[in-house]
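Here are some exercises to work through with the model open beside you. Try each task before you read its solution.

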Amino acid sequence: MSLILDPAAQDLLFRQARTANTFTDEPVTDEQIKAIYDLVKYAPTSMNQQPLRIVLVRSDEARQRLVRHLAEGNNKKAETAPLVAILAADNEFHEELPEQLPHVPQLKDLMFSDRGVREQSARFNAALQMGYFILGIRAAGLAAGPMTGFDADGINAEFFSDGEHSVLAVVNMGKPGENAWFDRSPRLTYDQVVTTI
Ligand SMILES: Cc1cc2nc3c(=O)[nH]c(=O)nc-3n(C[C@H](O)[C@H](O)[C@H](O)COP(=O)(O)O)c2cc1C
């Protein structure tokens, strides 16, 4: 009774949503990705910064360039998923901040003139946006298979030669295929996680 989200939507996004390891051949369209992005872009970040960048890997040639940087086991999944995306943090996100925070444009220089501060903020907030994106994939009736088992320096050099981006994850997307799931692993309970002071 405490949640007002429709129970079917709760299942779709959380209880029955699983991390897929295999996929059917059904394509994932640009329209689906656009609908996902146009939904999850409203989720909050610090100072409304939007450092997440999403590279859709559609050509066979690009997929081969990506797969060779993935860990054993992950490479097979990315070879067979209908669509693979590279999720990265743009470490120069602050250039757009005055548009995203028009009432305090001076924060761009006040807060983010230091590259180290910028990178930390980009990584943190792009990771938040990645979580929202994964939920958006589920909202589209698709399954996501996020992966961080890869050579990050290799992917950054291969796909982000400007040196201004840091890969966060590679995400396989599609309809789950045969034997798509590992067994569900336990989650911490409320009492293990939440304290009241
Ligand atoms: C950021 C992130 C990185 C992950 N990296 C990998 C990976 O490199 N390889 C892999 O097989 N699974 C990877 N996973 C999948 C997780 O192990 C999986 O989402 C988690 O165990 C929950 O599984 P469930 O959704 O089936 O309950 C990753 C998941 C996330 C969110």
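**Exercise 1: the sheet**

In β2, Ala85 is the bridge partner of Leu56. Keep in mind that this is a predicted model.

Task: Which strand does β2 (residues 83-90) join, and by how many bridges?

Solution. Counting along the pair of strands gives six bridges between β1 and β2, and the two run antiparallel.

Solution. Step one: the four strands follow the order β1-β2-β4-β3 in an open sheet with antiparallel pairing. Step three: ignoring direction, neighbouring strands are turned against each other by 30° on average.

**Exercise 2: helices on the sheet**

Task: Which strands do α7 and α8 touch, and at what angle to β4 does each helix run?

Solution. Take α7 (residues 115-139) to begin with: this helix packs on the sheet and touches β1, β2, β3 and β4 (165-174). The direction of α7 makes about 5° with that of β4. Now turn to α8 (residues 152-159), which packs on the sheet against β2 and β4. Here the angle with the direction of β4 is about 90°.

**Exercise 3: the ligand**

Task: Which elements each supply at least two residues of the shell around the ligand, and which polar atoms lie by the ligand?

Solution. The elements are α4 (74-80) and β3 (143-147). The residues around the ligand include Asn74, Lys77, Pro146 and Met147. By class, the shell holds two nonpolar, four polar and four charged residues. Next, look at the distances:

- Lys77: a side-chain N or O atom is 2.6 Å from a ligand oxygen.
- Arg187: a polar side-chain atom is 3.0 Å from a ligand oxygen.
- Pro146: a polar backbone atom is 3.1 Å from a ligand nitrogen.

Finally, the ligand taken alone exposes 640 Å², of which the protein buries 64%.

Definitions and conventions: Residues are numbered from 1 along each chain as its sequence is written. This is a predicted model: local features need pLDDT of at least 70, side-chain atom pairs count only at pLDDT 80 or more; totals for chains, interfaces and linings use all residues. Side-chain values use heavy atoms; hydrogens and water are left out. A residue is near a molecule or strand if one of its heavy atoms lies within 4 Å of it. A polar contact is a pair of N or O atoms within 3.5 Å; within protein, one must be able to donate a hydrogen and the other to accept it, and residues adjacent in sequence count only if both atoms are side-chain atoms. Accessible areas come from the Shrake-Rupley method with a 1.4 Å probe; for residues, only the protein chains shown count as cover. Ala, Val, Leu, Ile, Met, Phe, Trp, Tyr, Cys and Pro count as nonpolar, Asp, Glu, Lys and Arg as charged, and the others, Gly among them, as polar. Two strands pair if DSSP finds at least two bridges between them. Axes are lines fitted to C-alpha atoms, for helices over the stretch in contact, and angles run from 0 to 180 degrees between N-to-C directions. Contact means heavy atoms within 4.5 Å.
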